[in-house]
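Subject: The structure, and what turned up in it

Hi,

Here is the structure I promised to pass on.

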Amino acid sequence: MIRLAVDGVEMSVPDGASVLAAVRAAGGELPSLCHDDRMSPAGSCRTCLVRADGRIVASCVTPATSGVRVEAAAEELRALRRGALEVIAAGLPRRALAGTDSELSRACADLGVGPDAARSTGGRGADTSHPYVHLDRDLCIACGRCVRMCSEVQGTFALTLTGRGADTVVAPGTGGPWVDSDCVACGGCVDTCPTGALTEPGPARGLTSATPLPIPGGPATGVTRTTCGYCGVGCSLDVVTADGEVTAVLPDLGGPVNRGHACVKGRFAHRYLRSTERLTQPLLRHGDRLVPVGWDEALRHVADGLRAAVAEHGPESVAVISSARATNEENYLIQKFCRVAIGTNSVDNCSRLCHSPSALGLTASFGMAGGTDGFDDVQRADCFLVVGANPVEAHPVVGARLLNRALRGARLVVVDPRAVGLARHADVHLRPHPGTNVALCHGLAHVMLAEDLTDETFLRDRATGLPELTALLDDYPPARVADLTGVPESDIVAAARLYGRAQRPAILHGLGVTEHLHGTDGVRALANLAILRGAVGTGRGYGVNPLRGQNNVQGASDMGALPDLLPGYAKVTDPEARARAARVWGVPVPERPGLRIPEMFAAARAGRLRVLWVIGEDICATDPDTHQVVAAVRACPLVVCDELFPSETARHADVVLPATSWLEKDGTFVNFDRRVQRVRPAVPPPDGARSDFDIVHAVADLLGASLGCPTPAAALAECAALTPDFAGLSHERLDREGAVPWPCRGPDRPGETSLYRERFATPDGRAHLAAAPYLPPGEEPDDTYPLVLVTGRRWAHYNSGSMTRRGPNLTLAPVDFLDLHPDDAERFRIADGAPVSVTSRHGSARLVARVGRESAPGQVFAAFHFPAHGVNSLTSGNADTVTSCPEYKVTAVRVAPAGATAPGPPGRPDRRPGIGPGFTSGAPGPSGVLEVGAEGKGAERRS
């Protein structure tokens with residue numbers, strides 16, 4: 001700490017603090033139009049002038065030093081600051097100070113600079129091309145904050161200052177209109193602009209995280225702190241509302257993960273709330289149509305169907321797919337409903353399709369199903385190994401922080417078949433053939449052992465399995481691994497040395513590791529590297545941490561929405577775990593594991609599954625080999641779907657129940673580094689929509705099964721009573737303290753950010769090395785299907801796009817592309833921007849070609865945000881041999897110009913079934929409520 005005096009008051013500030021920070025800590029107010037705490041200081045505007053030991057200095061760029069005496073409140077200093085503001089104001093039009101609530105106008109009002117100081121007549125024009133960022137050039141003071149925000153915090157480098165002297169103004173670095181620039185619409189430039197030159201159009205115009213809220217009579221009457229409901233980063237957001245509608249969503253400056261940053265989805269993609277396509281009345285199938293009914297009739301139909309299925313076919317004829325989009329409390333209640341009201345363990349969630357290999361692999365290696373460390377530790381890491389993840393697009397806030405560290409000296413190794421995101425900044429970019437991750441990790445481990453880049457003491461005292469792994473690695477020298485993976489031998493050695501020589505190495509991985517035939521082996525092979533280096537449980541590294549794709553993938557599994565695990569990952573086959581749950585729930589727990597999602601579909605097609613309840617997942621659009629999924633849904637006699645909008649799954653359902661969104665819910669989420677955070681309703685749901693929590697309660701009541709847990713707070717409290725690792729969690733504590741990581745084993749005990757400091761959670765207390773050989777992927781290209789398709793995410797959209805496509809994000813990314821290398825484009829006569837047909841052994845899709853060098857020759861890439869394009873109909877039914885996670889990342893395909901003949905595989909339609917009547921436009925039916933049909937649903941599946 002540094003001791004200094006501010007206006008005669010002795011005080012302490014942390015090491016590295018600036019004089020500006022010291023003055024503000026002492027309660028002083030200083031304008032700082034070129035400064036934002038989130039980025040490096042500039043000292044250019046001179047509005048924060050103070051006297052330090054007799055010298056006039058810009059306080060934002062002057063480090064606080066012990067013993068310095070700072071003067072800030074003297075009138076002569078206020079006069080200097082006033083003069084600096086007058087110079088700035090002179091180049092602005094009067095409207096910059098009159099009628100605008102900006103940082104500049106507030107500073108001028110505080111120092112007595114009136115609107116008459118603004119003398120410019122303007123005329124520099126505006127750029128309103130972008131849906132979320134509008135530029136008024138006349139208000140730009142060239143402070144550079146937006147440029148530094150874009151480069152230092154976001155890492156996109158999309159902005160620059162152009163012009164000279166008084167004509168200097170911010171502009172996209174590529175030239176041309178803003179909408180055509182490299183801007184990824186994180187909103188950081190809007191949020192940091194001190195003058196209103198950059199604003200969000202519409203009712204949020206002029207609002208930033210620095211705006212005092214609410215503004216009486218202004219565009220905000222309420223502010224709600226909540227947690228983002230898009231990806232699993234867990235950004236803390238302030239939702240500004242007026243008259244029951246969202247005006248703006250602003251990043252929380254004190255957010256534990258995002259620290260005042262956000263992405264295009266969390267910041268701007270909330271207009272789906274007001275979409276005319278929101279479901280607001282239950283729909284019930286009558287013949288081949290879904291017609292609107294009242295809640296009582298819909299719920300009674302669901303309860304009657306459940307009761308009849310259990311009576312005639314037993315509890316195992318019912319299955320529920322819970323939701324990684326729902327709150328912890330909803331997931332807890334859903335799994336309890338299955339086990340208490342129905343008597344089955346057949347409940348699963350979409351982690352089955354993404355990170356179930358992470359959960360199982362991390363548990364086998366270390367003992368728990370979550371990442372090993374908190375994301376704050378990333379600030380201390382000196383080497384990142386990022387494997388099978390593109391956080392710049394899929395987790396932009398994480399991607400930005402990783403890039404920030406890399407630009408400041410941390411070494412960066414990226415393992416990704418594509419040259420995207422962080423790969424462009426990597427010290428070493430490894431581009432393995434899709435499906436060869438295990439071989440590549442073994443090659444890295446081989447080098448680490450051969451060159452003594454391991455922690456022998458850690459391996460001796462805290463790990464097991466080294467002899468077996470050493471023997472296996474003899475078969476994976478760099479030369480052989482290069483042949484298997486396509487990665488040059490020299491790059492394998494270089495990457496191993498960077499990771500092995502780092503003092504604080506970090507591993508982060510994504511779906512490029514897990515969504516493979518041997519995804520669990522891939523996670524364990526990554527864990528081997530951290531164990532060999534002693535980078536887990538020692539405080540010397542950032543272990544192994546999965547980047548979660550959906551907001552509550554971690555929490556849905558934590559709460560026990562899994563067929564073989566109870567809350568807290570207790571096994572249903574463990575008599576003690578079942579007995580503990582029975583004591584809390586008052587009924588015995590089924591002892592046989594239930595069906596996983598793929599097994600549910602198989603059971604439906606075989607006629608054994610009679611009821612399938614799908615909560616918040618569009619399985620007919622997002623699950624692999626979608627033709628088989630649709631066949632399962634058609635075959636199941638009763639399909640219930642909780643949804644926000646008409647969806648492919650809703651089209652085939654028998655009952656559709658209108659649900660609430662994350663901005664309308666009360667509860668908690670768990671983010672990717674195990675932080676439990678509050679979710680609070682910012683706006684009321686549309687009339688007629690209900691939360692999944694209320695829907696499950698209502699069905700249970702009709703079945704005569706009391707679930708207890710009358711409120712979300714009570715549900716989390718009951719889970720805490722049942723699960724030792726969550727014993728210290730409660731809404732009250734989270735409201736008081738903010739984010740709390742699990743394990744948290746008591747109300748008076750802190751959550752554990754970094755795990756395994758004393759022992760691992762395995763039965764023997766040691767980390768377990770895994771000696772699993774490399775096995776090839778489930779599909780290989782051949783003469784008929786010569787290319788390998790990899791699927792993933794794009795920055796502007798989210799999952800099936802049901803929310804992001806109902807707003808201006810669709811302007812930013814109106815279609816999905818098939819990325820392919822120029823060599824393949826020439827080989828198959830594909831023109832850039834042309835429609836293209838993609839065919840696999842399982843289905844076909846129509847996309848738009850985008851030719852470039854991001855994908856390697858022989859590989860193509862597509863996202864899955866536009867279900868009508870049919871990308872998931874291409875993917876196979878192959879799945880991880882341990883967890884049943886689908887092999888989304890390796891599918892053999894062929895491509896052709898869309899006009900050419902490209903017949904589908906035998907027995908498959910060439911064209912994926914289109915959206916049914918009423919689902920394209922969302923227009924209301926004659927009754928004023930959406931009526932939809934589902935062609936072929938009725939007689940075919942009930943025969």
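Helix α7 (residues 295-313) packs against helix α25 (residues 692-702) at an angle of about 60°, and their axes lie 9 Å apart. That angle makes α7 oblique to α25, since angles under 35 degrees count as roughly parallel, over 145 as roughly antiparallel, 65 to 115 as roughly perpendicular and the rest as oblique. Axes here are lines fitted to C-alpha atoms, for helices over the stretch in contact, with angles running from 0 to 180 degrees between N-to-C directions. Helices (H or I, at least four residues) and strands (E, at least two) are DSSP runs, numbered from the N terminus.

Before the rest, a word on the source: this is a predicted model, where local features need pLDDT of at least 70, side-chain atom pairs count only at pLDDT 80 or more, and totals for chains, interfaces and linings use all residues. Residues are numbered from 1 along each chain as its sequence is written, and side-chain values use heavy atoms, leaving out hydrogens and water.

On the α7 side, W295, L299, R300, V302, A303, L306 and R307 meet I695, A698, V699 and L702 of α25, where contact means heavy atoms within 4.5 Å. By class, this contact has nine nonpolar, no polar and two charged residues. For the classes, Ala, Val, Leu, Ile, Met, Phe, Trp, Tyr, Cys and Pro count as nonpolar, Asp, Glu, Lys and Arg as charged, and the others, Gly among them, as polar.

Helix α21 (residues 597-605) and helix α23 (residues 626-635) have axes 8 Å apart and an angle of about 55°, and are therefore oblique to each other. Their crossing is left-handed. F601, A604 and R605 of α21 touch Q628, V629, A631, A632 and A635 of α23, a contact of six nonpolar, one polar and one charged residues.

Helix α15 (residues 478-485) meets helix α16 (residues 489-501) at about 115°, with axes 8 Å apart, so the two are roughly perpendicular to each other. The crossing of α15 and α16 is right-handed. P478, A479, V481 and A482 of α15 make the contact with E489, I492 and V493 of α16.

Now for the largest pocket, which holds about 940 Å³ of space. On a 1 Å grid over the protein atoms alone, a pocket is an open set of points where a 1.4 Å probe fits, with protein on both sides within 12 Å along at least five of seven lines; lining residues have an atom within 4 Å of a point. Grid points are joined across faces, edges and corners, and the volume is the space filled by probe spheres set on the points. There are 41 lining residues, and D182, V184, E393, R424 and W795 are the closest to the centre of the pocket. The largest share of the lining, four residues, comes from α11. By class, the lining has 19 nonpolar, 13 polar and nine charged residues.

Two backbone details to finish. W742 and P743 are joined by a cis peptide bond, with omega about 0°, and P743 sits in the loop between β31 (740-741) and β32 (767-768). D53 is not a glycine, yet has a positive phi of about 50°; its place is in the loop between β3 (49-52) and β4 (55-58).

Best wishes

Conventions. Left-handed = near helix turned anticlockwise from the far one by under 90°.
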